[in-house]
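This briefing goes through one protein model, topic by topic. Please keep the sequence and the coordinates at hand while reading.

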Amino acid sequence: MKIYVDADACPAVIKDILYRAAERKQLELILVANQPLRVPPSKWIKTKQVESGFDVADNYIAEICEAGDLVITADIPLAADVIKKHGQALSPRGELFTKENIGSRLNMRDFMDTLRSSGEHTGGPPPLHQRDRMTFANELDKILSRIKI
C-alpha cells in the first residue's frame, strides 16, 4: 500500500498527521502538487511535482494509484476514480469515500457546480476544526490498522 496526497489543497495539519503515520507504519507517502513542497527528511516521504494546470495533479494520482492504495483528497471525481481502481479515498476531514456513497457525493458536487455556474454564491468549505482533525486521524488509523506490514 502507498499513500498518495492531493497536496495542493491539503491542510498542513493533515500533512503532519500523514508524515507521522508514514514513519510509524513505514509506508511510502507521496505528496503530489503543482508547486515545490517542503517535507521532513524521510525515506518514506516523497514529493512529485507535476505541471501547473487544471486537474493535473488529480489526473496523475488517478493514473498511478493501484488497487489497495490510499488517496487523501477532497476532490470527489478523483475519489471516484480511485474507488474504480479498487483503491481507498479519504478526505482531509476524515470522510471515507466508498462505492456506496461516491455516487451521491458526485451528484451533490455536480448540483453545487450547476448552482455556482448560474451565479449562485454557495460559499466554500468551512474551516478545518479540531473535530475534523480527530476524525481524519481516527479514520486513517482504522485504515492503517488493517494492513499487514
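This is a predicted model: local features need pLDDT of at least 70, side-chain atom pairs count only at pLDDT 80 or more; totals for chains, interfaces and linings use all residues.

Is K2 buried, partly exposed or exposed? K2 is partly exposed, because its relative accessible area is 33%, which falls between the limits of 20% for buried and 50% for exposed.

**Overall fold**
- The secondary structure comes to five helices and six strands, and from the N terminus on the elements follow the order β-α-β-β-α-β-α-β-β-α-α.
- Of the 149 residues of the protein, 36% count as buried, while the accessible surface comes to about 8800 Å², with 52% of that area belonging to carbon and sulfur atoms.
- Among contacts with a separation of 6 or more, 50% are accounted for by residues 24 or more positions apart.

- Helix 1 covers residues 12-25, and at 1.5 Å a residue its 14 residues should span 20 Å, which agrees with the 20 Å between its end C-alpha atoms.
- The buried residues of helix 1 are I14, K15, I17, L18, Y19, A21 and A22, and what covers them includes strand 1, strand 2, strand 3, strand 4 and helix 5.
- Just after helix 1, Q26 adopts a positive phi of about 55°.
- The largest nonpolar core holds 23 residues, of which I3, V5, L18, L29, I72, F136 and L140 touch the most other members.
- Two or more residues of this core come from each of strand 1, helix 1, strand 2, strand 4 and helix 5, and helix 1 gives the largest share, six residues.
- Beyond its neighbours within four places in sequence, I3 is in contact with L18, L27, E28, L29, I30, L70, I72 and L144.
- A second, separate core of 18 residues includes V50, I76, L78 and F97.

**Helix 3**
- In helix 3, which covers residues 76-84, the residues I76, L78, A79, A80, V82 and I83 are buried.
- The N-terminal end of helix 3 is capped by D75, a side-chain oxygen of which lies 2.8 Å from the backbone nitrogen of L78.
- After helix 3 comes H86, whose phi is positive, near 65°.

**The loop at G68**
- G68 sits in the loop between helix 2 and strand 4, and with a relative accessible area of 31% this glycine is partly exposed.
- Leaving aside neighbours within four places in sequence, G68 is in contact with M1, H86, G87 and Q88.
- The C-alpha atoms of G68 and I147 are separated by 9.5 Å, although the two residues are 79 residues apart along the chain.

**Salt bridges**
- The count of salt bridges comes to five.
- One of them joins E28 and K2, with the closest N and O atoms 3.8 Å apart, and this pair links distant parts of the chain, E28 lying in strand 2 and K2 in strand 1, 26 residues apart.
- R24 and D141 form another, with 3.0 Å between the closest N and O atoms, and here R24 of helix 1 and D141 of helix 5 are 117 residues apart.
- R24 is exposed, with a relative accessible area of 51%, whereas D141, at 38%, is partly exposed.
- The side chains of E139 and K142 also meet in a salt bridge, at 3.6 Å from N to O, and both residues lie in helix 5, three residues apart, about one turn of the helix.
- Salt bridges that share partners join K2, E28 and K46 into one network.

Note on methods: Residues are numbered from 1 along each chain as its sequence is written. Side-chain values use heavy atoms; hydrogens and water are left out. Helices (H or I, at least four residues) and strands (E, at least two) are DSSP runs, numbered from the N terminus. The expected span of a helix is 1.5 Å times one less than its number of residues. Buried means under 20% relative accessible area, exposed over 50%, partly exposed in between (1.4 Å probe, protein chains only). Contact means heavy atoms within 4.5 Å. A nonpolar core is a set of buried Ala, Val, Leu, Ile, Met, Phe, Trp, Tyr and Cys residues joined through side-chain atoms within 4.5 Å. Accessible areas come from the Shrake-Rupley method with a 1.4 Å probe; for residues, only the protein chains shown count as cover. A polar contact is a pair of N or O atoms within 3.5 Å; within protein, one must be able to donate a hydrogen and the other to accept it, and residues adjacent in sequence count only if both atoms are side-chain atoms. A salt bridge is a side-chain nitrogen of Lys or Arg within 4 Å of a carboxyl oxygen of Asp or Glu.
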